[in-house]
Amino acid sequence: MTEDVFLVAVDGPAGSGKSSVSKEVARRLGFGYLDTGAMYRALAWFALERRLDTSDATAVTEAMGEFEAGISLDPDDYWVRVGDVDVTSAIRETRVAEAVSGVARVPVIRETLNGRFRELVADSERPGVVVEGRDITTVVAPDAPVRVLLTASPEVRAARRSAELTGQDAAAVADALHRRDASDSAVVDFMTAAPGVDVVDSTDLDFEGSVSALIALIGNMQEVQNAR
């Protein structure tokens with residue numbers, strides 16, 4: 001990463017609120033916002049469009065060679081594109097969500113995309129960037145001045161995700177979250193805070209409370225840095 005950009009690294013499981021909270025924090029502070037999971041989803045979408053088996057590491061790795069994607073770091077003008085196609089909405093489809101773990105578990109893909117994430121941050125021209133996803137605090141930005149694990153109880157996470165997905169049964173959403181957690185945990189431990197990582201448990205916090213908690217951590221660290 002670059003010392004010229006104040007980095008905020010946010011990890012957390014699905015349904016913890018990390019995307020919505022991170023985006024709002026970035027908006028209020030004038031920072032950039034990078035949803036790393038969206039890039040993995042975009043690659044999964046790219047593979048599915050080519051009728052590839054996303055559980056086939058070789059096929060997905062070969063597809064990576066033709067994968068050209070762009071992502072906005074502007075929280076007020078957020079988009080994801082693959083080539084000339086806007087996939088901002090398409091990558092949220094159920095078929096993509098079910099395929100993304102197969103893509104994300106391939107080490108060479110994670111290494112390649114992590115490099116892209118670092119380039120995006122370095123070229124952001126923002127005073128800071130909130131980077132959220134999985135293994136952000138330990139691999140993508142282990143030296144970020146603010147590193148946070150945003151979590152919540154499984155029941156609360158399922159309820160939040162169910163509220164987002166209209167027309168889907170709450171039990172089915174909870175089951176999907178459980179399967180997603182189990183699959184993703186084979187790739188990276190996103191439920192346990194690494195040494196030096198602050199934990200924000202949003203189980204009993206509303207959206208504003210979660211945003212305020214993260215902004216407070218950022219403000220405290222900025223004060224420490226300014227005092228040096």
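Let's start with glutamate 49 and arginine 95, whose side chains meet in a salt bridge at 2.8 Å, N to O. By salt bridge I mean a side-chain nitrogen of Lys or Arg within 4 Å of a carboxyl oxygen of Asp or Glu. Glutamate 49 sits in helix α2 (residues 36–49) and arginine 95 in helix α4 (residues 94–104), so this pair ties together parts that are 46 residues apart in sequence. Helices here are DSSP runs of H or I, at least four residues, and strands are runs of E, at least two, numbered from the N terminus.

Before we go on, a quick note: this is a predicted model, where local features need pLDDT of at least 70, side-chain atom pairs count only at pLDDT 80 or more, and totals for chains, interfaces and linings use all residues. Residues are numbered from 1 along each chain as its sequence is written, and side-chain values use heavy atoms, leaving out hydrogens and water.

Now, are the residues of our next pair, arginine 110 and aspartate 135, buried or exposed? Both are buried, meaning under 20% relative accessible area, while exposed is over 50% and partly exposed is in between (1.4 Å probe, protein chains only). Their side chains also form a salt bridge, at 2.8 Å, N to O.

Glutamate 24 counts as buried at 16% relative accessibility, whereas arginine 27 is partly exposed at 32%.

And how many salt bridges does the structure hold? Nine!
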